[in-house]
Amino acid sequence: MPALTVYRLTFPGGLHIGTRGVTLEESGVDIPSDTLFAALVDACRRLSDPAAFVEPFLQDAPFLLSSAFPFVGEVRFFPMPTPLQRFFADQTLKERRKEIQKIRYVSEALWRRILDGERLDEWLFPSDKRAGPTTGVALQGGTFWLTGDECQKLPPRFQVNERTGRPISPRALREHKVYAEARVPRVTVDRISSASTIFHAGRVTFAPECGLWFGVEWRAPQATAGQATFEQLFRQLLTLLGGDGLGGERTAGYGAFGFEEDGPLTLPDAHPGGLALLLSRYHPRPDELPTALSGDGTAYTLDYVAGWLRSWDGAAQRRKRLWLVSEGSVIRTVGAPPWGDVTDVRPDYDATSGGLPHPVWRYGLALAAGLKEV
C-alpha cells in the first residue's frame, strides 16, 4: 500500500497554466504531472547535470509524481472520475447529468468511496430547488463536491459569515469560490519602434488558505543523482522553483509559491491486471496497449499535449505533440509498476543544423490507486 508524501503549494501572486493553442487569455487551474516534471528538470539544469536526474526514470523511476489539485483548508480534492455510469444510477444521471458533468473535483472522503466501488447518488449535493443539509455539499457553483462532515475542515471564511458572524449553511456554500479566474491587461513594447501593444493574460488566484497539492510516491529516495540523493535534490529543486515560479508569465510575478509538507496520503495498491484510477497523466508503453485502455471497467479521456520548449542550449522551439491519458481515467494495469514511460519530444529537422543538442523529456509515468472491481 503506497504512501505519498504530500506537498501543499500556495500562490500569493496567482498562477498561469497554458491550456490550448498560443493564446495567453486562458489559464488552467491544476498543474499536470508532466508540467511539474518538466519544471523540475529545468530547475535541475541550474544546479547540476539534468541527465543524472532524468536517466533513472528511463529504467526504474526513483519516484512517481501526481498532478497538482486544489485543496481548501484541510480538505484535499481529487479529479472527478471519468466513468460516471459506474458511480451513479441511470435515473440520477438522467435527472442531473448537467450538474454532475460540471463537477471537476471531489473530496478525499468521496474519492475513498469511489475507490471502494460505492454508488454516490445519496451523497450528491442538493440542486437549487431542494434542501438537504445531510447530503453532499458543493463549492464554486458545483465545481467542487464534498461531504457535509468535511465542512468542518474548511477555512473559517467558509464556515462563518465575516459580516454577520453567523454560521454559513451548507447550501449557501455553493456560491463560495475557491479560486477566481481573470484576464489581466499587459503591454509589450517593440524594441525598435517603441510602439506599445496591449494583450491579455489569464490568471488564477486562490482564496486564503487554498492552493494546490501534489503527491510523491518514493520508490528509491536514497538513490543518488550526482552529489545528492533524490530526496535531497527534490527538496532543493522545489525550493528553487518556489522563487522562479511555475507556469507562464513568471516575469509578471505569476507562479511563485511557498510550500509545506502535509500528512502522508495512503493509496490502495493497484495490482497487476487490475483496475487503477489515475492521479497523473499517463503515456502507455507499446507493450501496455491495447490492454491498458480496453476491456471491462476501463474509461478514459485524452489530453493533446503540444506547445513550446525552453532550452538553455538553444532557441525556443515547438516540441513534438503527444497524446496522454488524463487524470481521473480508469485503466487496466499491465505487468508490474511503474506503468507508462518518459518520452523524448525534441523536434526533428531535415536540415543538418538547427536541432537541439539534448533530448526533451515528457513525463508519462502513471501514479494510480487501485480501484475495486464491481
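Trainee: Where is Q140 found?
Mentor: In the loop between β6 (137–139) and β7. Two ground rules before we go on. This is a predicted model, in which local features need pLDDT of at least 70 and side-chain atom pairs count only at pLDDT 80 or more, while totals for chains, interfaces and linings use all residues. Residues are numbered from 1 along each chain as its sequence is written, and side-chain values use heavy atoms, with hydrogens and water left out.

Trainee: Is Q140 buried or exposed?
Mentor: Q140 counts as buried, because its relative accessibility is 13%. Buried means under 20% relative accessible area, exposed means over 50%, and partly exposed is in between, using a 1.4 Å probe and protein chains only.

Trainee: What is phi of Q140 near?
Mentor: Near 55°, a positive value in a residue other than glycine. Most residues other than glycine have a negative phi, and most peptide bonds are trans. E209 also has a positive phi, about 65°, and is not a glycine. E209 sits in the loop between β9 (196–206) and β10 (210–218).

Trainee: Which peptide bonds are cis?
Mentor: One runs from L289 to P290, with omega near 0°. Another runs from P337 to P338, with omega near 5°. P290 is in the loop between β14 (275–278) and β15 (302–305). P338 is in the loop between β19 (330–332) and β20 (342–344).

Trainee: What does L293 touch?
Mentor: P284, T298, Y300, V325 and I331, leaving out residues up to four places away in sequence. A contact means heavy atoms within 4.5 Å. L293 is in the loop between β14 and β15. L293 counts as buried because its relative accessibility is 17%. L293 and I331 are 38 residues apart along the chain, yet their C-alpha atoms are separated by 5.6 Å.

Trainee: New topic. Which residues touch the most other members in the largest nonpolar core?
Mentor: F53, F57, L65, F88, W145, F214 and F234, out of 90 residues in that core. Helix α1 (residues 33–47) gives the largest share, 7 residues. A second, separate core has 11 residues, including A270, A276, V325 and W339. A nonpolar core is a set of buried Ala, Val, Leu, Ile, Met, Phe, Trp, Tyr and Cys residues joined through side-chain atoms within 4.5 Å. In soluble globular proteins, nonpolar side chains tend to be buried together.

Trainee: What does F234 touch?
Mentor: Y7, L40, F63, L65, F214, V216 and W218, not counting residues up to four places away in sequence. F63 is in strand β2 (residues 63–65) and counts as buried because its relative accessibility is 0%. Among the residues F63 touches are F53, F57, F230 and Y363. F63 and E217 are 154 residues apart in sequence and 5.4 Å apart C-alpha to C-alpha.

Trainee: How many cavities of 30 Å³ or more does the structure hold?
Mentor: The structure holds 1. About 50 Å³ of space lies in the largest cavity. On a 1 Å grid over the protein atoms alone, a cavity is a set of points where a 1.4 Å probe fits but cannot get out, and lining residues have an atom within 4 Å of a point. Points are joined across faces, edges and corners, and the volume is the space filled by probe spheres set on them.

Trainee: Which residues line the largest cavity?
Mentor: L36, L40, L65, F214, F234, L238, L241, L246 and F257. The lining divides into 9 nonpolar, no polar and no charged. Nonpolar covers Ala, Val, Leu, Ile, Met, Phe, Trp, Tyr, Cys and Pro; charged covers Asp, Glu, Lys and Arg; the others, Gly among them, are polar. α1 and α6 (230–244) each supply at least two lining residues. α6 gives the most, 3 residues.

Trainee: How far apart are the end C-alpha atoms of α6?
Mentor: 20 Å, which agrees with the 21 Å that its 15 residues should span at 1.5 Å a residue. The expected span is 1.5 Å times one less than the number of residues. Buried residues in α6 include F230, L233 and F234. G245 follows α6 and has a positive phi near 100°.

How values were computed. Helices (H or I, at least four residues) and strands (E, at least two) are DSSP runs, numbered from the N terminus. On a 1 Å grid over the protein atoms alone, a cavity is a set of points where a 1.4 Å probe fits but cannot get out, and a pocket is an open set with protein on both sides within 12 Å along at least five of seven lines; lining residues have an atom within 4 Å of a point.
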